[in-house]
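Here is a briefing on one protein chain and its ligands. Please keep the sequence and the 3D view open while you read.

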Amino acid sequence: MLFDTFQRPMRDLRISVTDRCNFRCTYCMPREVFGANYTFLPKSELLSFEEITRLARIFVGLGVEKIRITGGEPLLRRDLEKLIAMLVSIEGLHDLALTTNGALLVKYAKTLRENGLHRVTVSLDSLDDAIFSAMNDVEFPVARVLAGIDAALAAGFSPIKVNMVVKRGVNDDSILPMVARFRGPNTILRLIEYMDVGNSNRWHMAEVVPSAEVIATIARVIPLEPVSRTRAGEVAARYRFTDGKGEIGVITSVTQPFCGDCTRARLSSEGKLYTCLFAGNGCDLRKLLRDGASDAQIAAVVANVWRARDDRYSEKRAANPVVEPKVEMSRIGG
Ligand code: SAM
Ligand code: SF4
Ligand code: SF4
């Protein structure tokens with residue numbers, strides 16, 4: 001097992017399979033930046049499925065137990081189900097999950113399940129079409145995401161986590177309807193504090209709704225109690241409804257950072273290894289792959305990067321807001 005300078009093990013790997021997306025969420029890929037003139041990576045610069053699988057196997061050999069496929073929108077990557085089948089066969093990998101905006105789930109849920117994907121997380125910020133459209137900025141209807149969630153449930157994924165980014169004055173009124181809709185045995189709503197990822201979303205603290213406030217809002221209507229964390233490195237703080245009808249999670253990355261527990265490595269779509277969501281630079285593993293490095297050589301580079309890791313951006317944010325350029329969320333995923 002590999003440990004960084006704060007004794008954090010490398011247990012999770014998030015792999016971004018594309019920098020493209022069919023949504024333009026204002027908090028992630030705002031249209032002013034990711035408009036018609038934005039240049040996305042050409043196919044030749046993306047890691048191939050063989051390259052991704054080879055790297056994933058090396059990471060699992062170094063202690064990674066859980067892999068999450070993300071993006072951009074991962075279901076835009078052609079034949080993604082084939083990658084799933086390749087990854088799921090890696091010995092020692094305990095958990096393979098996918099985060100998606102749900103737009104293409106009706107089409108792909110069944111094949112993803114058949115090819116061995118373990119879990120799906122779907123992002124949805126509101127049940128109100130006007131609010132959701134303003135946030136996804138492509139007028140994508142709520143009903144189609146709900147249909148995607150239903151298709152994933154029908155394919156056998158359960159429970160499904162539903163990610164909601166909460167922005168003050170934008171979708172905070174959607175919290176209670178979302179809780180009501182996704183309360184139950186098969187879905188777990190996770191309310192995420194709006195973060196200052198990337199350099200494009202013009203983040204401001206005033207737009208963050210602290211998770212403590214979110215919990216208080218929900219508890220006024222439906223009593224809740226905290227659930228102790230079952231796994232080190234778990235991102236969400238969990239709460240269960242005291243009537244036994246389900247649970248929710250809150251992701252408190254801004255107001256109560258959890259860097260001390262962060263076991264996540266990230267591989268960008270062009271094959272760079274990042275040790276923090278807010279990092280400016282990544283280590284170019286694609287170059288090693290394409291220059292003919294052996295597995296042992298690549299493993300040694302990854303191990304050195306992790307051992308030198310001292311990231312704790314969110315913990316430092318409050319005291320010292322960082323202004324250097326950061327990698328865009330759409331390149332490395334959430
Ligand atoms: N396109 C897929 C999706 O939206 O689920 C996967 C990639 S997306 C970057 C992964 C997650 O990051 C989503 O749940 C999204 O809501 C979240 N996210 C994106 N920008 C964010 C921000 N500024 N603050 C908090 N969460 C954010
Ligand atoms: Fe696309 Fe996901 Fe980013 Fe929204 S959050 S723009 S769906 S990558
Ligand atoms: Fe991990 Fe970086 Fe987030 Fe801290 S800020 S929890 S180190 S990804």
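D79 sits in the loop between β2 (66-70) and α2 (80-88). Its phi is positive, about 60 degrees, although D79 is not a glycine. The model is predicted.

**Backbone details**

- D79 has a relative accessibility of 32%. Buried means under 20% and exposed means over 50%, so D79 falls in between and counts as partly exposed.
- Q7 also has a positive phi, near 65 degrees, and is a residue other than glycine.
- Q7 belongs to the segment before β1 (12-16). Its relative accessibility is 57%, so Q7 counts as exposed.
- S158 and P159 are joined by a cis peptide bond. Omega there is about -5 degrees.
- P159 lies in the loop between α5 (142-154) and β5.

**The chain as a whole**

- The secondary structure of the protein chain comprises 11 helices and 12 strands.
- For 334 residues the globule rule gives 20 Å, and the radius of gyration of the chain is 19 Å, close to that value, so the chain is as compact as a globular protein of that length.
- The C-alpha trace spans about 60 × 45 × 45 Å along its principal axes.
- Of the 334 residues, 54% count as buried.
- The accessible surface of the chain is about 14300 Å². Carbon and sulfur atoms account for 52% of that surface.
- Take the contacts between residues at least 6 apart in sequence: 72% of them join residues at least 24 apart.

**V106, on helix α3**

- V106 is in helix α3 (residues 105-114).
- The relative accessible area of V106 is 53%; exposed means over 50%, so V106 is exposed.
- V106 and G148 are 42 residues apart along the chain, yet their C-alpha atoms are separated by 4.7 Å.
- Not counting residues up to four places away in sequence, V106 touches A147, G148 and A151.

**D196, in a loop**

- D196 is placed in the loop between β6 and α7 (211-219).
- The relative accessible area of D196 is 7%; the limit for buried is under 20%, so D196 is buried.
- The side chains of D196 and Y313 make a polar contact of 2.7 Å.
- Leaving aside neighbours within four places in sequence, D196 is in contact with W203, F278, Y313, R317 and K326.

**Ligand 1**

- Ligand 1 has 20 residues around it, and those that come nearest are Y27, G72, S123, N163 and M195.
- By class, this shell has eight nonpolar, 10 polar and two charged residues.
- Three strands each supply at least two residues of the shell: β3 (95-100), β5 (160-166) and β6 (187-193).
- A polar backbone atom of G72 is 3.0 Å from a nitrogen atom of ligand 1.
- E73 places a polar side-chain atom 3.2 Å from a nitrogen atom of ligand 1.
- N163 has a polar side-chain atom 3.1 Å from an oxygen atom of ligand 1.
- On its own, ligand 1 has 550 Å² of accessible area, and the protein covers 94% of this.

**Ligand 2**

- The residues around ligand 2 are C21, F23, C25, Y27, C28, M29, G72 and N101.
- The shell around ligand 2 has six nonpolar and two polar residues, with no charged residues.
- Y27 and G72 are part of this shell, and both are also among the residues that come nearest to ligand 1.

**Ligand 3**

- Around ligand 3 are F258, C259, C262, R264, R266, C276, L277, F278, R309, D311, Y313 and S314.
- Two elements give two or more residues to this shell: β10 (264-267) and α10 (313-317).
- By class, the shell around ligand 3 has seven nonpolar, one polar and four charged residues.
- F278 and Y313 belong to the shell of ligand 3, and both are in contact with D196.

Methods. Residues are numbered from 1 along each chain as its sequence is written. Chains are lettered from A and ligands numbered from 1 in the order in which they are written. This is a predicted model: local features need pLDDT of at least 70, side-chain atom pairs count only at pLDDT 80 or more; totals for chains, interfaces and linings use all residues. Side-chain values use heavy atoms; hydrogens and water are left out. A residue is near a molecule or strand if one of its heavy atoms lies within 4 Å of it. A polar contact is a pair of N or O atoms within 3.5 Å; within protein, one must be able to donate a hydrogen and the other to accept it, and residues adjacent in sequence count only if both atoms are side-chain atoms. Accessible areas come from the Shrake-Rupley method with a 1.4 Å probe; for residues, only the protein chains shown count as cover. Helices (H or I, at least four residues) and strands (E, at least two) are DSSP runs, numbered from the N terminus. Ala, Val, Leu, Ile, Met, Phe, Trp, Tyr, Cys and Pro count as nonpolar, Asp, Glu, Lys and Arg as charged, and the others, Gly among them, as polar. The radius of gyration is taken over C-alpha atoms; the globule rule is 2.2 Å times the number of residues to the power 0.38. Buried means under 20% relative accessible area, exposed over 50%, partly exposed in between (1.4 Å probe, protein chains only). Contact means heavy atoms within 4.5 Å.
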